[in-house]
Amino acid sequence: MTQHQALQLFEDKKIRTLWDADHEKWYFSIVDTIEVLTESTIPKRYWSDLKKKLSKEGSQLYENIVQLKMQSSDGKYYKTDVVDTEQLFRLIQSIPSPRAEPFKLWLAQIASERLDEIQDPELTIDRALEQYLQLGYSQNWINQRLKSIEVRKELTDEWKSKGLKEGMQFATLTDIISKAWSGRTTKEYKVLKGLKKENLRGNMTNTELILNMLAEASTKDISQAVNPESFGESKKVAQQGGNVAKVALQELESKTAKKVVSELNAKKILNAKNKRQE
């Protein structure tokens, strides 16, 4: 199953979702949905009681429930009861709530938007822009983040064209690029920022994002110019691409007397921004 995890917002309430690209369907966290519909302070207990009721009734919905790993508020991933869109509509019918009808309309919109995005990838970028704005990121940072997605996609497309494999080889090359310009592998960089499963690029400062983009764009351009014929040659290209950004980083740090790579992450940046606005 090729999965993409995301947060969907319904009336400012967060609902964890997983997109199954293989079957083109969403999976929704049941507990999150129950919290939205019932406004219960203990949605897990509500769901536990409802499961017992569905089980006794021999409900087909209960039999079709699956568990997938989703990120919790502590940053860790746990197995979570989920249902697809069709099953979620059935679940809503079992929960008396004045929010049921607007929630159904919201579900239909989510499903429609995702199918539209498959046909027009530009809509995915628009959706990401909207979500970052809702989470409180600055417009400038969002612009850089969306551009970084485009640059990364161009690089991975280049790697695929050279016959490189997603997974270990992509991760190895990414680490080489990161180590070359920042002095840290992806894992080391995340440790510095106090991250666990969170996305590293989503927690970079503007300057870090720009330098990382320069490193990845340079790697792609060099690869297209020298046409590496093996994984070993691609590793050398990754080092060269990262070095381009390293030169820029060293020049900037010499002018500002400040370190570019920092412990700042999204939470710290947004908290600092909110304090300034108070």
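**Group meeting: helices, cores and a strand pair**

Okay, let's start with K104: leaving aside neighbours within four places in sequence, K104 is in contact with F89 and I92, where contact means heavy atoms within 4.5 Å. Before I go on, this is a predicted model, so local features need pLDDT of at least 70 and side-chain atom pairs count only at pLDDT 80 or more, while totals for chains, interfaces and linings use all residues. Residues are numbered from 1 along each chain as its sequence is written, and side-chain values use heavy atoms, with hydrogens and water left out.

Back to K104, then. K104 sits in helix α5, residues 100-119; helices (H or I, at least four residues) and strands (E, at least two) are DSSP runs, numbered from the N terminus. Its relative accessibility is 22%, so K104 counts as partly exposed. On the cut-offs, buried is under 20% relative accessible area, exposed is over 50%, and partly exposed is in between, with a 1.4 Å probe and protein chains only. K104 and I92 are 12 residues apart in sequence, and C-alpha to C-alpha they are 8.2 Å apart in space.

Now the cores. Which residues touch the most other members of the largest nonpolar core? That would be W159, I177 and W181, out of 26 residues. A nonpolar core here is a set of buried Ala, Val, Leu, Ile, Met, Phe, Trp, Tyr and Cys residues joined through side-chain atoms within 4.5 Å. Giving two or more residues each to that core are α7 (139-161), α8 (168-182), α10 (206-226) and α11 (231-256). There is also a second, separate core of 24 residues, and I15, F28, L91 and I95 are among them.

W181 is worth a click in your viewer. Not counting residues up to four places away in sequence, W181 touches a list including Y189, L211, N212, A245 and V261. At 7% relative accessibility, N212 counts as buried.

On to helix packing. α7 and α10 pack at about 20 degrees with their axes 9 Å apart; axes are lines fitted to C-alpha atoms, for helices over the stretch in contact, and angles run from 0 to 180 degrees between N-to-C directions. That makes α7 roughly parallel to α10.

Leaving aside neighbours within four places in sequence, E158 is in contact with K220, S223 and Q224. Is E158 buried or exposed? Buried, because its relative accessibility is 7%.

With α8, the α7 axis comes within 12 Å and the two cross at roughly 125 degrees, which makes α7 oblique to α8. Residues that meet there include L155 and W159 in α7, and F170 and I177 in α8.

Last stop, the strands. Strand β2, residues 13-20, has 6 of its 8 residues buried, so β2 is largely enclosed by the rest of the structure. β2 and strand β3, residues 25-29, run antiparallel and are joined by 4 bridges; the pairing rule is at least two DSSP bridges between two strands. As for W19, its bridge partner in β3 is W26.

How values were computed: Angles under 35 degrees count as roughly parallel, over 145 as roughly antiparallel, 65 to 115 as roughly perpendicular and the rest as oblique.
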